[in-house]
Amino acid sequence: MAASKSQGSYFGLFLVGGIVACGGIAYAATGAGKLLLLVGAVILVASMVGFFKIKPLEGETPVLSSPEAMKWVGAGVATLGWLVTLGGLRVVQGNGGRIVVALIGIGLSLFGILGVLPAAFNKTAFWKKPSGAATRAGVTSRSGRATVEQEMTASTAMGVTK
Amino acid sequence: MKARRRSHVLAFCIAAATVAVAGMALAQTPAPPAQPASAPPAPVPPATAELREAASKAPAAADLAKGDPGGTVIGNVADVTVTDAKAGITLGDAGNQIGQNKIAINFVWTLVCGFLVMFMQAGFAMVESGLTRVKNANHTYMMNFFVYGCGLLAYWVLGFAIQMGGAAGNGNLGGLNPLNAEHTVSLLGKTWGIFGETGYFLAGTSYDVGVMVIFLFQMVFMDTALTIVTGACAERWKFVTFSLTSVIMGALTYPLFANWAWGGGWLSQLGTNVGLGKGYADFAGSGVVHSVGGLTALAVCLIVGPRIGKYNRDGTSNPIVGHDISAVLIGCFILAFGWFGFNPGSTLGASSNGNLRIGAIAVATMLAGCTGTFGAILYMWISKGKPDASMSGNGLLAGLVAITAPSGFVSAPSAAIIGFVAGILVCVSVSFIENVLKVDDPVGAISVHGTNGLWGVLSVGFFADGTSNYGGSWNGVTGSVTGLFYGDASQLAAQLVGISTLLGFVFSLSFAINMVLEHVVGHRVSAETELNGLDIPEMGQLGYPEFVFRPEIAYSKAA
């Protein structure tokens with residue numbers, strides 16, 4: 001579908017909802033503020049529903065579905081690393097100890113970000129697959145060093161997806 | 001008879017009203033103090049007398065009318081604003097003028113530096129667009145253009161209040177007293193700032209000249225962070241999802257971390273609350289701006305996936321070269337120019353409170369950019385055989401990113417070392433992200449801003465030399481920021497807590513927000529759109545309509 005009038009409308013709605021909601025936050029202590037916050041939230045939800053409804057109109061993307069749980073585990077491990085560091089501030093007193101705990105926390109976060117998450121996203125990466133949605137999309141990589149041209153050819157030959 | 005009675009009544013009424021008004025006036029007017037019969041005039045203090053004498057010798061209008069080609073006539077005591085022209089100049093007038101001058105110098109300094117930072121948007125646009133293919137030029141330029149508006153709107157409405165709502169107390173800008181509400185929590189027996197609560201829409205008490213100055217300066221910093229993401233996700237990112245991400249980032253993700261570091265939040269309180277150095281120290285934003293942008297770029301890049309044709313089935317990557325290396329290198333120079341606003345401007349003033357260090361900060365910035373370029377060029381030349389132009393540009397930017405946090409605290413040799421390490425680091429990081437993580441970052445933004453932003457934050461903990469003195473304290477802790485190499489290990493601990501927060505909180509929050517957007521809106525354009533170029537489907541117009549596109553086959557072979 002690419003960019004469309006519907007997208008523009010729902011984006012406009014999103015902005016209006018956001019501004020109204022922020023007006024509500026600014027005056028949250030008053031009744032009018034609470035009302036504005038509620039109205040803004042409703043408009044924001046409406047815009048998101050709109051976006052969700054027009055999402056299927058998009059053409060097929062080359063990205064294949066990958067394990068959802070693993071992605072959230074990766075983000076969770078990253079967050080856990082931060083919590084370990086914060087815990088170190090409470091439990092450990094000396095500078096050396098706090099540095100060590102912070103390094104452990106950073107290591108844990110890096111494991112989540114650089115270890116778990118790329119593995120989750122690349123598990124079913126479209127460039128690995130010779131079949132399925134990627135082929136339909138005409139974007140499958142050939143064995144070895146495929147080129148952009150080959151993919152263009154595949155795309156043209158198979159009829160580019162809607 | 002009747003007429004006489006009416007005139008009596010009228011006369012009585014007038015007399016009564018006169019008595020009443022006179023009574024009220026007497027009741028409200030204090031009795032004049034009894035004056036001595038012949039009070040001598042109050043003695044004029046010697047300093048005031050001296051001022052008045054100088055004023056009497058000031059050039060007359062006739063002298064001024066002759067012109068002042070040497071600039072030696074105007075700009076004297078006669079230019080001081082006096083409160084009582086009849087009485088003449090007083091010491092109070094002179095003091096007021098000095099105060100006005102200090103604030104004026106700091107306002108002008110901060111504003112002009114903010115204008116320089118704003119111009120960096122043009123540099124980012126050129127770098128990012130130059131490194132992408134011509135079929136996506138309009139789309140990439142438009143992302144860089146529109147991110148300014150998205151960020152500004154979101155920051156004005158909400159972001160600024162979250163970041164700076166509790167940042168009162170900056171003497172350079174007159175105190176910023178209206179920004180006096182920080183939401184706090186109590187933990188470990190201490191109070192920790194979480195987010196600001198005043199300044200929404202810059203309305204109400206935020207309608208203040210100092211607040212306006214700090215808003216402008218902080219806004220352009222925020223926009224720099226946002227525009228980092230557009231480069232990393234170029235050539236396959238839906239324009240509408242980019243717009244949504246930018247608004248949310250400008251309103252929430254960036255301001256939250258910026259509050260913790262710069263707005264009186266808990267990271268800045270690590271020194272006062274738990275004795276970690278001077279608290280998290282990030283002078284101009286290696287962490288706040290560049291790491292936040294770089295880590296958000298990584299989060300979105302993971303979700304959006306690599307460009308079609310970037311990776312082969314065996315996992316090897318193909319180079320997809322950009323369309324305009326001249327735009328890239330000119331863009332880098334524009335960014336380096338803007339960085340002179342970024343780092344020296346972060347003193348938020350040029351007058352008093354140790355702000356004369358701006359010269360040292362500017363030189364540190366310049367040197368780190370230089371050595372960053374050398375680091376990247378030498379690395380590429382020695383390891384790949386060619387002094388690669390795009391990596392040279394990235395080396396310059398990496399050095400600048402890395403020196404951003406320590407620029408206010410380190411010596412010139414340290415700045416050179418930090419920049420050189422950054423130049424090598426960016427090359428290693430680009431290769432790691434592309435070949436090991438299989439994350440496609442067309443412009444190297446994750447490495448330039450994310451990796452080197454973290455390096456910059458860390459380097460404060462090592463290289464800060466304890467010579468800076470911004471009003472005698474930093475983050476409310478007396479003394480200067482001092483790193484491990486100069487004897488303070490606790491500052492390194494504070495920096496590590498900051499890095500952990502960037503990785504564990506900022507990345508995770510950005511990832512979660514963009515995962516939700518992925519499910520609701522979708523980040524990626526269709527394969528058809530991507531292959532044909534995003535200019536027509538997403539923007540409705542080619543960036544270069546008169547260009548004849550080479551077929552991808554020739555393009556690919558040339559690469």
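Student: Is A:Ser66 buried, exposed or partly exposed?
Tutor: Good place to start, and keep in mind that this is a predicted model. A residue counts as buried if 20 or more other C-beta atoms lie within 10 Å of its own, and as exposed if 12 or fewer do. A:Ser66 has 16 other C-beta atoms within 10 Å, so A:Ser66 is partly exposed.

Student: Which residues is A:Ser66 in contact with, leaving aside its neighbours within four places in sequence?
Tutor: Let's begin with where the residue sits: A:Ser66 lies in the loop between α2 and α3 of chain A. A:Thr124 is 58 residues apart from A:Ser66 along the chain, yet their C-alpha atoms are separated by 5.6 Å. With those sequence neighbours left aside, the contacts of A:Ser66 are A:Ala120, A:Phe121, A:Lys123 and A:Thr124.

Student: Which element gives the largest share of the side of chain A that touches chain B?
Tutor: Across this interface, 64 residues of chain A are in contact with 57 residues of chain B. On the chain A side, two or more residues come from each of α1 (5–26), α2 (31–54), α3 (68–91), α4 (95–122) and α6 (148–158). The largest share, 15 residues, comes from α4(A).

Student: Why is chain B more spread out than a compact globule?
Tutor: Chain B has 18 helices and four strands. For its 559 residues the globule rule gives a radius of gyration of 24 Å, and chain B is well over that, so it is more spread out than a compact globule. Its C-alpha atoms fill a box of roughly 120 × 70 × 65 Å along the principal axes. The radius of gyration behind this answer is 31 Å.

Student: What percentage of the residues of chain B count as buried?
Tutor: The cut-off is again 20 or more other C-beta atoms within 10 Å. Applied to the 559 residues of chain B, the share that counts as buried is 57%.

Student: Where in chain B does pLDDT stay under 50 with zero contacts beyond four places in sequence?
Tutor: The mean pLDDT of chain B is 91, and 91% of its residues reach 70 or more. Residues 554–559 of chain B stay under 50, but they have seven contacts beyond four places in sequence. Where pLDDT is low, the predicted coordinates should not be read in detail. The stretch with zero such contacts is residues 17–31 of chain B.

Terms used. Residues numbered from 1 in each chain as written. Chains lettered and ligands numbered in written order. Predicted model: local features only at pLDDT ≥ 70, side-chain atom pairs only at ≥ 80, totals over all residues. Contact = placed C-beta atoms within 7 Å. Rg over C-alpha atoms; globule rule 2.2 N^0.38 Å. pLDDT = per-residue confidence, 0-100.
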